[in-house]
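I opened the model today to look up strand pairing and aromatic contacts. My notes follow in the order I took them.

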Amino acid sequence: MALESSDVWRILNHTGDGTDDSREEITATSSHLGWFDDALCSRPGQTTLIAGNESCGNHAGHSGEAMFNSPFGFSFAPDGSLVVADTDNSCIKQITPNGNVVTTLATSAEGFKSPTGIVVCERTGNAYIADSGVFGIFRLNHDTGEVDMISGDMTAGHQESDGTTNTVAHWDLPFGLAMDSSGDLLVCDRSQHVIRKVQLSSGLPLNDPANTITVQQNHKFRQHITPYSHSGSGADVNINRTQTVDSEANVEVGGSRADVLIQQPTTKLIAGVPGTQGCEDGPSSEALLDTPTAIAVAPDGTIYVSDIGSGRLRQISRDYSRVLTLPGHYRGALGLDVDKHGRLYVANTDARQILRYDPHNGQVVELPTTGLVHPVALRVDSTSGVLFVADQHSFKAVKVVKSLPPTHSTLNDDMAQLLTQESPGNAAYADVTFDVHGTQLRAHCAILACRCAKIMPLIQKAAGGHTSQISSVGGGGHGGVMVPIADEGVTPKAFAAFLCFLYSDRCIVDQDTVEPLLKLSHEYGMDRLTRLVEEYVMKRVEVDNVIAHMRMAHVYGAERLKAGCIKVLIRHFNQLQAELGKSGLEAYPELLSEIIVSLPPK
């Protein structure tokens, strides 16, 4: 008998009033290599405005009043804040972790003109920004707030730096940025149709950071320079703090002229042929790209590139040796990011879509979203299951389904049949019956012992402490040992869902069974069931229920759900602070300590 036509299924679907739109089946099948099956669990993406609005402007302050002007890039900072390249305002802004306040970190006064790509180093907190208006790469120092140009000298073109004073890098519309596991920058040099690397891992040149150069349009920014005199003695020229550079990169010093050698980190070509556009796969040095604009790095080192000119996604192998073209055509995909399980998220800008590509099965799915106007950049927070999107002049959060860690199903349909064999002859094979508040559910000790060993002491107690008596009474056709389930918090519906998981590896959960299922999985050590229920709950966490879900997760050991709830709590801390005082969390000092430790420093 199929599960859907059994009494077990009828119990699972009992809602009292006949309606329940909260029920959902969370599953991970072997055909998906243990990854989440979106066809079996899909809910409309809940889109929330974080900061900005539909109108462009330039204003910091409270997030409800903040205004942006076509921000093309943003990145997570180590403290959970968002660092934003506010492109058409020529500035860098920051949105606090709770999303309440927007501050301006740097402006055109520090040299920015058209900042686009941005990435923040998780270790140092320093932000690296590609500015297509001045053909260079900036660094915004997290500790001092100072800005310096670490690559480029405002000259458009293609030239690599060898890390000495002999050459400086030239860029031609640097746009998208990413950082690999070594701490090196990967840059989309858009007009040159190539991907290049800035080797930060070898360290920046040790030049005097106090040197300041005044550049075109009276913009000032710090730049790594090594001055030397014409005398050939090698003595350093005493350079003033503010200097003027002419078109030949000479510097005025006390009425005389001295040459300035700019020493920058080494750069190298990763993929593409400089100045040649196309869409051809092959060895990286021969492959052709067409206006690469966005870039992301997967946990395994694979590089993904959005080729705007060809409308394709390109993949560069982790050793940089080959370039491949992924299936599908895209319409102005300006944003890319990869979650911690290797799945690629794509802001398909002109189509107003968010797509997700799973390299494990090659599938591309559209995530359900609402209200997107012009999504140009995105970042995914894999812990809380939230996707942040730069949408025209605003920033929005979209709830997405997190991927499960790889895990294969351990049961097949034949074993599930044992739970649903309800004819008198087949029922004889059952040797234990659970009495859940008057509802009887038959089961088999062999299956239970294999799948959930921690439940066996309960059965042994009901059998008088002798396991031999279990099998001896199982052949009478009455379901064997009678095991009462007296816990008031465990309903027949919840226990049926628990048995359904043990027999079929299918997690069927709704709002009535969430807490008892977490209770049962915690009590009997069913970590996989806990993970599946966590997936269900995390998509339903809202500001008005996050404290209750966080407490439930703490009580029943749902650590991943708790971590996600704490992130949501921190983002809305000002709004929820008063509720915390009357939420009863003082009974859970360990949980309060975790919340306090997670709060960003003032």
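I started at T433, which stands opposite M482 in β36. The model is a predicted one, so I am reading computed geometry throughout.

I then looked up how β34 and β36 are joined. Strand β34 covers residues 432–436, runs parallel to β36 and is joined to β36 by five bridges. I noted the background as well: strands of a sheet pair through backbone hydrogen bonds, either parallel or antiparallel.

Next I asked in what order the strands of this sheet lie. The sheet is open and has three strands, in the order β35-β34-β36, with mixed pairing. I recorded β35 (439–443) and β36 (481–485) as the edge strands, each pairing on one side only. On average, neighbouring strands here are turned by 25° against each other, direction ignored.

I checked what lies across the sheet. Helix α7 lies across β34, β35 and β36 and runs at about 10° to β35.

From the sheet I moved on to the rings. A pair of aromatic rings is described by the distance of the centres and the angle of the planes. My search of the whole structure found nine aromatic pairs. One of them is F76 with F388, an edge-to-face pair at 5.5 Å centre to centre and 85° between the planes. I looked up where these two sit in the chain: F76 is in strand β4 (residues 73–76) and F388 in strand β32 (residues 386–391), 312 residues apart, so the pair links distant parts of the chain.

I went back to α7 for another pair. The ring centres of F495 and F498 are 5.8 Å apart and the planes are at 50°, so I logged the pair as tilted. Both residues are in helix α7 (residues 492–504); because they are three residues apart, about one helical turn separates them. I found F495 buried, and F498 buried as well.

Last, I looked up charges over ring faces. K93 lies over the face of F68, at 5.0 Å from the ring centre. R190 lies over the face of F175, at 4.9 Å from the ring centre.

Key
Residues numbered from 1 in each chain as written. Predicted model: local features only at pLDDT ≥ 70, side-chain atom pairs only at ≥ 80, totals over all residues. Heavy atoms only, no water. Phe/Tyr/Trp six-rings, centres within 6.5 Å; stacked < 30°, edge-to-face > 60°. Helix = DSSP H or I, 4+ residues; strand = E, 2+ residues; numbered from the N terminus. Buried < 20%, exposed > 50% of the residue type's maximum accessible area, 1.4 Å probe, protein only. Lys NZ or Arg CZ within 6 Å of the ring centre and 35° of its normal. Pairing = 2+ DSSP bridges. Axes fitted to C-alpha atoms, helices over the stretch in contact; angles between N-to-C directions. Contact = heavy atoms within 4.5 Å.
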